[in-house]
Amino acid sequence: MDSDKRDAILEAARAMFSRLGFRKTSIDEVAQKAQVGKGTVYLAAELKEDLFYQVVEREIRRWQAEMSATIDPKRPAEETLRALAIRAEHHMNSHPLVRDLLCGEMRKVLPRWADRFDQLSAAGRQNIIEVLRIGIAQGRFRDDLDLPWVASVLQDLHIASLLLHPGESDVARMKRAQVGLDLILHGLRISERASS
């Protein structure tokens, strides 16, 4: 299958899964939207579950690339974490598949694929881990951090802000996330006594 046709199928599937969810999306609808035959969709993915996974993986890779553009090793790591949070907020609001993956919804939809979705969620934390490494190299964060765990906590904080305050304005949600991030950053920074 040529890459243009495959891209059309994945893009059509992304649009349908984002709008209707996994259960309500049919392969027939994906084929129609992609303007290909149903059999062609099955050449891209043998099962609807596999097509869904491919779409989610593609979305996470795009999100990760977009977030990595925010990282600048010359900028203070705290500022970069804040910038990542803001960009992630906007991205998750406009990309429901990324939001649903990070919120654990996909584990409920396809429990047999939970391990694969967990791996994608971990891939989504790589940018946070990179910023934490930069903060350590800058001498701004402690060097004894368990980077994957701290990245997971930071990501969970952001997701909790989205889930617990869904009707909140973007400004109020970002302010709440900022307070939470500031509290966590105090635990990441090298204390004045330790650096003396």
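1. Let's start with the rings: Phe17, Phe22, Phe52, Tyr53, Trp113 and Phe117 are linked into a cluster by ring pairs. Two rings of Phe, Tyr or Trp (its six-membered ring) pair if their centres lie within 6.5 Å; planes under 30 degrees apart are stacked, over 60 edge-to-face, and the rest tilted. The structure holds six aromatic pairs.

2. A word on the model: it is predicted, so local features need pLDDT of at least 70 and side-chain atom pairs count only at pLDDT 80 or more, while totals for chains, interfaces and linings use all residues. Residues are numbered from 1 along each chain as its sequence is written, and side-chain values use heavy atoms, leaving out hydrogens and water.

3. Have a look at Phe52 and Phe117, an edge-to-face pair with 6.2 Å from centre to centre and 80 degrees between the planes. Phe52 lies in helix α4 (residues 48-68) and Phe117 in helix α8 (residues 114-123), so this pair ties together parts that are 65 residues apart in sequence. Helices here are DSSP runs (H or I, at least four residues), numbered from the N terminus. Both Phe52 and Phe117 are buried, meaning under 20% relative accessible area (1.4 Å probe, protein chains only).

4. Next come Tyr53 and Trp113: their ring centres are 5.7 Å apart and their planes at 45 degrees, so the pair is tilted. Tyr53 and Trp113 are each buried.

5. Finally, the charges. The charged end of Arg116 sits over the ring of Tyr53, 4.2 Å from its centre; this requires CZ of Arg or NZ of Lys within 6 Å of the ring centre and within 35 degrees of the ring normal. Lys48 lies over the face of Phe22, 4.5 Å from the ring centre.

Note on methods: Helices (H or I, at least four residues) and strands (E, at least two) are DSSP runs, numbered from the N terminus. Buried means under 20% relative accessible area, exposed over 50%, partly exposed in between (1.4 Å probe, protein chains only).
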